[in-house]
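Subject: Structure for your review

Dear colleague,

Please find below the structure that I am passing on to you.

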Amino acid sequence: MTSPATSQTSASRFDVAWVRAQFPSLRQSVGAQPAAFLDAPAGTQVPRRVIDAVRDYYEQSNANTCGAFVTSRRSDAIIASAHAAMGDFLNCAADEVFFGPNMTTITFALARAIGRELQPGDEIVVTTLDHDANVAPWRALEERGVIVRQVDIRTVDCTLDLDDLHRKITARTRLVAVGYASNAVGTLNPVEEIIRLAHAAGALAFIDAVHYAPHGPIDVRALDCDFLACSPYKFFGPHMGCIYGKREHLLRLHPYKVRPAPDDLPSRWEIGTQNHEGLAGVAAAIDYLADLGRHCDSAAATNRRSAVLAGYRAIRAYEMSLAAHMIAGLLEIPGLRFFGISDPARFAERVPTVGVRFAKHSPLEAATFLGERGIFTWDGNYYALNLTERLGVEETGGLLRIGLVHYNTVEEVDRLLAALRALTYSS
């Protein structure tokens, strides 16, 4: 097991002071304690440049699109810039990305369009590990006679039961919907393998990358997925959602839209007036990740895509050193039950999000105790309802979720561990 000293040495090589200087909200405090934002799985903090981009939009470009005047043209340029930035972020064409208010809403919209092509008896495969935003939109198609099959998990480590996955994908399967990473317990799914299995059966592959996006690079070309969803507010941007789709699918499918709306890409999928100020912030968030990459490895950052990749290499190494330190400390706390992968030899299979429970305290009691001490965590099911039900914890408050990202520090992890030890010994 990685020792705290080893973890701290590894973490010290990452310029976390430079990172934290980019985020104004991290300077907050709760009473005499500095705030420790360990709540990132529900939404990350944003760097100054994102705040500035949103403000600048309102001050200089606030107009609807396609007008014959300057502020409208600025809005058009900002929207195009956001699509180009997401294209670099995901390694796809700018017009293969469409935005909306959040991942859940636009996944329902996509599911309705896909449902127009399905017949009674067609099958969709979902998983027990997923956020309900990658389950409910597909289950809604059951009203059309579609059969939804749910892949089980291995409760011992909260990983997908791949044997069950193989059984659930059949000749009737039309779509496989799976998460890149669990938002509740941090499991990384073997999405490349799952996409290959889906395609071998003639099915589409939909990947929910919302929880993975802050932690690692995404390459939709290499994955060969048909669709991939993510949420900018989970990777240091504004509250929005985004879906990538292969061009042939986005052109073939028929979204529900108003009649005057354009039928080209990506407009046919962006229903109604978009959140232009949010789109300005999306581009700024991706530029932040690129600048982080340049700060960490200037030689590797020859363009925005390569700079983003360099940033994620640094993020991954730093975050997992923090996670190793945190998990080692959590496992030493009496009465703590850990859910998910805890073996350091398997940390390549997880992101730095963990779910735990305590013998004498509910998740809400633990989150409240931590919150009063300036440490922000989440309790409940985080919409991963199938998982908390399968683990048998839904009726007793779910889990306490602790989620690290690259602006967190070893000192914050140590504060967390000390507080949880105090909670344990307080009763």
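A residue is called buried when its relative accessible area is under 20%. C158 has a relative accessible area of 1%, so this cysteine is buried. Please bear in mind that the model is predicted.

C242 is likewise buried, because its relative accessibility is 0%.

Turning to the nonpolar cores, the largest has 109 residues. The members that touch the most others are M86, F89, L90, L228, F235, L330 and L420. Helix α12, residues 304-331, supplies the largest share of this core, with 13 residues. A separate, second core holds 28 residues, including A113, F227, A229 and L265.

Apart from neighbours within four places in sequence, L330 contacts L336, F338, V354, V356, I402, L417 and L420.

Finally, consider helix α13, which spans residues 363-371. Its buried residues are P363, A366, A367, F369 and L370. Viewed down the axis of α13, these residues fall within an arc of 160°, so they line one face of the helix. An α-helix has 3.6 residues a turn, so residues three or four places apart point the same way. The buried residues of α13 pack against strands β14 (353-358), β15 (375-376), β16 (378-380) and β17 (399-403), and against helix α15 (410-425).

Yours sincerely

Note on methods:
Residues are numbered from 1 along each chain as its sequence is written. This is a predicted model: local features need pLDDT of at least 70, side-chain atom pairs count only at pLDDT 80 or more; totals for chains, interfaces and linings use all residues. Side-chain values use heavy atoms; hydrogens and water are left out. A nonpolar core is a set of buried Ala, Val, Leu, Ile, Met, Phe, Trp, Tyr and Cys residues joined through side-chain atoms within 4.5 Å. Buried means under 20% relative accessible area, exposed over 50%, partly exposed in between (1.4 Å probe, protein chains only). Helices (H or I, at least four residues) and strands (E, at least two) are DSSP runs, numbered from the N terminus. Contact means heavy atoms within 4.5 Å. The arc is that of the directions from the helix axis to the C-beta atoms.
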